[in-house]
Every structure is written in structure tokens, then in C-alpha cells.
Amino acid sequence: MARDKKRRNSGRRSPLAAAVLIGVGLLLTGGVYAGASAAMAATNDTSTQHSSNLTAEDGKKLFQANCSTCHGLDLQGTENGPSLYGVGELAVEFQVSTGRMPLAAQGPQAQIKPAQFTEDQVRAMAAYVQSMAPGPTYPSAETVDGKGDVANGAELFRINCAMCHNVAGAGGALTEGKYAPALNQTSALHMYAAMVTGPQNMPVFSNTNLNLSEKRDIISYLLYLQQNKSPGGYGLGDLGPVSEGLFIWIFGIGTLIAVTVWITAKSN
Amino acid sequence: MAHEDDPLEHERASWQPSPGLAVAVTDPVQHDSLPPHRERMTDKDPAAMKRAVRTVYTLFYLSVAASIWAVAAYILFPIESGSLTDIRHNELFVGLGIAAALLAIGVGAIHWSKAVMSDKEFIEPRHATRGRDTTRDAAIQAFAEANEESGFGRRAMIRNSMIAAVVASIVPGITLFRGLAPEGSPADPHAGDPVYLLSHTMWKKGTRLVHDPTGAPIKAADIEIGSAVHVIPEGLMPDEVSNYLDEKAKAIVLLVRMPVDQLHPPKGKESWGYDGIVAFSKVCTHVGCPVALYEQQTHHLLCPCHQSQFDVSHGAEVLFGPAARPLPQLPIEVDAEGYLVAQSDFHEPVGPSFWERH
């Protein structure tokens with residue numbers, strides 16, 4: 001009661017009170033959501049158990065149980081999925097380890113999701129696919145060690161990759177719902193695998209197009225981006241004029257309008 | 001207040017309605033007086049006034065403190081190490097100090113004027129625009145006298161020659177603009193011909209296709225199905241070509257390979273590719289952005305600037321977006337050593353439209 005009375009006596013409430021209240025509410029909601037989703041992500045982190053080494057024979061069984069509905073019992077493909085002749089073990093590694101396969105639903109593009117198989121199971125299926133019809137193989141440790149020429153890698157990335165993946169590796173939109181994914185979480189092995197296998201609509205960058213040392217440089221550049229904070233401060237997703245323009249239009253011009261309203265409003 | 005004596009007193013007698021711009025007003029303003037004055041908190045409550053005064057001078061002292069902080073930050077965060085982190089800290093904290101100092105002055109001044117200074121409304125009559133008749137007559141008289149004494153109207157020869165001299169003095173400045181347009185020379189006969197320059201690139205019969213930026217030639221057998229290769233003509237290197245960037249901007253090419261049964265070249269261009277390998281200009285026909293977002297399964301090529309889409313499997317015809325024409329195709333073949341070479345230059349100008357494009 002006492003507080004109510006006091007407020008009525010003072011008889012004024014800042015016109016900004018509503019805006020501040022909404023701002024505080026949004027911040028709280030956002031904060032709680034961010035915390036909750038981080039907690040969810042932490043609990044979803046699957047720890048890969050290392051069981052006994054599986055063979056290509058086990059891989060065949062896993063393949064027939066999990067993949068053959070769409071890709072056929074002999075990798076020949078069906079109406080629902082392409083043939084896997086010649087895609088190689090690295091395509092299996094890329095598609096299955098990143099959770100893109102098995103596909104959750106037909107759509108413009110396979111989505112990244114938590115992996116459905118352990119590393120050993122992936123390797124077993126990869127060995128089976130490789131034994132049926134060979135294709136790109138696992139790279140040497142040196143190719144993915146991230147110790148190449150970062151500057152040369154950056155130039156090659158700008159010429160060959162940046163038009164889709166964004167110069168900072170933040171990804172970008174393609175046609176009809178497809179998109180080039182962000183590369184800020186991608187492992188060196190999967191960068192290499194994507195280049196040589198050309199998953200989905202990504203073009204193939206074979207070793208005759210970009211040789212192993214050039215691939216090593218590109219991987220080094222991307223790992224450098226992942227490991228070093230941008231010196232320019234918060235990057236707003238590194239998406240360039242879209243996010244930066246939106247920010248300046250909403251917050252920059254919004255602030256200017258708010259200040260103008262305050263300057264011209266009569267004092268209470 | 002300072003409006004008791006009327007500064008326009010001597011002019012009021014000659015005020016008349018403007019003769020030519022009269023508008024019949026059917027709905028004149030009814031209440032031409034001021035709305036009743038509303039008292040502010042600071043007018044009614046001495047304590048509120050005291051608070052407002054305190055806020056204003058606190059803001060000004062805050063500004064002083066922020067200025068001192070900016071100087072201190074310059075000393076506390078040296079940039080001599082040259083590391084990006086140090087430079088960022090220096091700029092950030094010096095900038096925050098300067099921004100806070102200026103902002104506090106502005107906010108304080110406005111709060112002062114709004115809350116503390118008098119806000120009594122008053123009407124300030126508009127100054128008459130028309131001068132008094134005597135003033136106007138005196139001005140006309142002055143002009144007539146000046147004309148008479150200088151002979152400006154009488155001595156036409158002097159007057160006209162002076163006007164000619166002033167006009168002529170501008171011409172040299174306009175002439176200098178000619179320097180902006182290059183001219184052809186025996187060594188470079190087409191330098192002054194933009195239509196020729198826009199219609200021809202470095203590609204000619206037998207020019208090898210090489211990787212951008214290494215310059216390594218490309219064997220047809222090395223291009224895997226689904227590949228996209230970024231290509232420049234052989235010899236297009238920064239040190240070898242004088243106008244390197246101009247030439248590169250025109251000659252860049254995207255080379256792709258797809259299964260032969262998926263390739264449907266337009267009529268007359270069936271022999272412009274080689275075994276599923278086709279090469280197209282990378283310069284968008286809309287406004288010239290580099291088009292290189294290639295989807296290897298749909299064979300769509302997307303321009304990132306305005307979302308024009310081209311179908312590479314059908315001669316890069318336009319599927320969507322503002323581009324008006326397909327991307328020009330570079331006819332290619334394979335030389336005796338198995339390397340990809342151009343059959344000729346592009347058969348049409350690359351890039352966006354221009355007036356003389358036919």
C-alpha cells in the first residue's frame with residue numbers, strides 16, 4: 001500500500017518504462033532459452049563407446065539393416081536414393097558421422113543431426129562400401145593436421161569456396177531451400193571428405209583440381225578461423241550486410257528516433 | 001521578458017496582405033492563440049527543480065570524468081606491442097571515454113533546456129517580407145544611377161566582351177575532362193573504343209584453360225564428374241598483363257563437368273563442350289557480379305547479388321531472377337596433349353548490357 005501511494009504521489013512514469021520493460025522481458029526470455037538449449041546440447045552429447053573393432057562383414061549387415069531400403073541391397077540405388085557405386089568410404093564417413101544419413105525426411109537437403117552410429121560402426125560400413133566399389137579414401141594425417149599455409153589456403157578458399165560458404169565460413173543460402181552449411185564446427189576430416197566427395201549439391205574438388213597440399217592449406221585456413229577470435233569484436237554471425245544492415249536499421253536508426261523523440265518531447 | 005518593445009514597429013504601417021497569392025480560406029484557423037501553458041514538475045516543486053539542476057551538473061562533471069578517462073586509457077592501454085588485441089583495447093576504451101564525454105555534454109545540455117530553463121510560450125510575429133515602398137523606390141533609384149554612371153547598359157561593346165570572357169574562361173576546365181577518356185594509339189588501337197573492349201576478352205583460339213590463381217593447365221581427363229573449376233586464360237598473371245584486373249574481370253570462366261546424358265546444349269552449340277565439360281563466363285549478365293554458386297546435382301548456377309539462376313545443363317539459360325540473357329559460353333576443345341583449350345573468344349560480349357550491344 002505504501003509503495004502504491006508513493007507512486008501515485010510522484011504522479012509520473014517515464015514514457016520509456018514500457019520499452020524498458022519489454023527489453024528486460026526479451027532479454028530474460030532469450031537468456032533462459034539460450035541457457036536451456038546449451039544445457040540440452042550438453043546432455044545430447046553422445047559419447048562414442050569404443051567396442052571391439054568391427055569388420056566389413058559387420059558393415060554389410062549394418063548397411064543392409066539401415067541403408068539398403070533407399071540405396072539398395074547391392075548399393076545399386078532405388079527410386080528413393082542414389083546408387084553408391086564409387087562414392088567411397090569417405091562419403092560414408094561424411095554422411096553418417098555428421099548425422100546427415102540416415103535421412104530423417106526427404107527435403108531439399110540432408111540436415112546435420114546427432115550421429116546415429118558409433119565411430120566403429122561408421123568405419124565398418126565405410127569399409128563395406130569401399131569393398132563393393134572403391135572411391136575416395138581416408139586422407140593421411142598430414143593433410144588434415146592444420147599446419148599448412150594459412151594465407152594460401154585463404155586465397156584458394158576465396159576463389160573456390162567463399163561464394164557459397166561465405167568468406168568467413170559462415171555458410172549461405174542456395175536455390176530452392178538448399179544451403180551451404182557453416183564451417184565453424186566442421187572437423188578437418190569432414191572438410192577434406194566434403195571436398196573430395198562433393199556431397200549433395202556441393203561440386204567435387206578432386207585432387208587433380210585442388211591438390212593435397214592445397215587442400216591442406218584450405219583446411220588450415222578454416223581451422224585458423226575456428227581457433228582465432230575475430231579482432232573486430234562481435235561478428236553478428238559473420239553474415240555480412242544482411243545481419244549488419246538489420247542491426248543498424250533496427251538498433252542504430254531506432255536509437256536515433258528514440259533520441260529525437262526525447263529531444264523534442266516537452267519536459268513533464 | 002524581452003519582447004515588450006516591438007522591433008518591427010516602424011514597419012507595421014506598410015504591412016499589407018500579399019496581393020498575388022491570396023487564397024480564399026473557407027475554414028480559417030479558429031484558435032489562433034496558444035494552448036494553455038502546462039507547468040512542469042520543476043516549475044511546481046522546488047525539490048524537483050533541485051534534482052534536475054543536480055542531474056545536469058552531474059552529467060557535465062561525468063563528461064569531465066570521461067574525458068580524463070579517455071586520456072588515462074590512452075596511457076593505460078599502449079599499442080606499442082602491435083598486437084591486434086592491444087590495439088583493440090586501446091581503441092575501445094579511448095573511444096568509450098570520448099563517446100561518453102560528448103554524449104554527457106549533449107544529454108546534459110538538452111536536459112538543462114527542457115527541465116530547468118523557462119518554457120513559457122510566446123508568439124513572435126513573422127517579419128514582413130515586402131520592403132517599404134520608399135525602400136523599394138530607393139533601391140530602383142540606386143540601380144538606375146549605377147547603370148548610368150558605369151555605362152553598363154550604354155557601352156554594349158564592353159559589356160558583351162566581358163560576358164564572352166567570363167564564358168570562355170570556363171571552357172578550359174571542361175576541356176580537362178577529355179583526359180578521363182583514353183585514346184587509341186598505334187600500340188593499343190582499341191584503348192579508346194569501349195564497345196570493342198567490352199566485346200573482346202583475352203580468350204582466342206588455342207588459349208589454354210588454366211587454374212585460377214596457380215596458372216596450372218587443365219587436362220580434360222583430370223576433371224571429375226560433378227567438378228567445378230575456376231578458370232582463367234593462360235598468361236593472365238599479374239606480372240605479365242598490364243591491365244591485369246580489367247582483363248581478369250572479363251575473362252573469368254567457370255568450368256563444370258556433368259554426365260553427358262544430362263547435358264542439353266542449345267542448337268548450334270553442341271560442339272562447344274567436351275565430353276560433358278562446359279565452360280561459361282562467370283560474369284552475370286545482369287550487373288556483372290561473379291556467378292559461381294554451382295549446384296552439381298541440379299546444375300543450377302546462382303548469382304549471389306540478385307538471385308539470378310542459370311541452368312548450366314541447358315546452355316546457362318535464365319531460370320529465375322533479373323538477368324535477361326544466358327551466360328555467354330566459351331567454346332572449348334582438347335589439344336593434342338589432352339589439355340583443354342578455347343576454340344575462340346566468347347561469341348558475344350560478356351557481362352551486363354550496354355547501349356551499343358547488339
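View 1. Strand 7 (residues 309-311) of chain B and strand 8 (residues 317-320) of chain B run antiparallel, joined by three bridges. Strands here are DSSP runs (E, at least two residues), helices are DSSP runs too (H or I, at least four residues), and both are numbered from the N terminus. For two strands to count as paired, DSSP has to find at least two bridges between them.

**What you're looking at.** This is a predicted model, where local features need pLDDT of at least 70, side-chain atom pairs count only at pLDDT 80 or more, and totals for chains, interfaces and linings use all residues. Residues are numbered from 1 along each chain as its sequence is written, while chains are lettered from A and ligands numbered from 1 in the order in which they are written. Chain B averages a pLDDT (the predictor's confidence in each residue, from 0 to 100) of 89, and 91% of the residues score at least 70. For the complex, the predictor gives an ipTM of 0.73 and a pTM of 0.71.

View 2. Four strands of chain B line up here in the order 5-6-7-8, with antiparallel pairing. Strand 5 (293-294) and strand 8 of chain B are at the edges with a single partner strand each, so one side of each has no neighbour in the sheet. Strand 5 of chain B is held to strand 6 (residues 300-302) of chain B by two bridges, again antiparallel. Look for B:Tyr294, whose bridge partner in strand 6 of chain B is B:Leu301.

View 3. Strand 1 and strand 2 of chain B share three bridges, and B:Val210 faces B:Ile232 in strand 2 of chain B.

**View 4. Strand 4 of chain B is tucked away.** Five of its five residues are buried, so strand 4 of chain B is largely enclosed by the rest of the structure. Buried means 20 or more other C-beta atoms within 10 Å of a residue's own, exposed means 12 or fewer, and partly exposed is in between, with C-beta atoms placed from the backbone. B:Ile277, B:Ala279 and B:Ser281 point one way, B:Val278 and B:Phe280 the other. Five bridges tie strand 4 of chain B to strand 3 (residues 253-257) of chain B, and B:Leu255 has B:Ala279 as its bridge partner.

**View 5. Chain B meets chain A.** The contact involves 28 residues from chain B and 22 residues from chain A, where two residues touch if their C-beta atoms, placed from the backbone, lie within 7 Å. On the side of chain B that touches chain A, helix 4 (84-116), strand 2 (228-233), strand 5 and strand 6 of chain B give two or more residues each. Helix 4 of chain B gives the most, with five residues.
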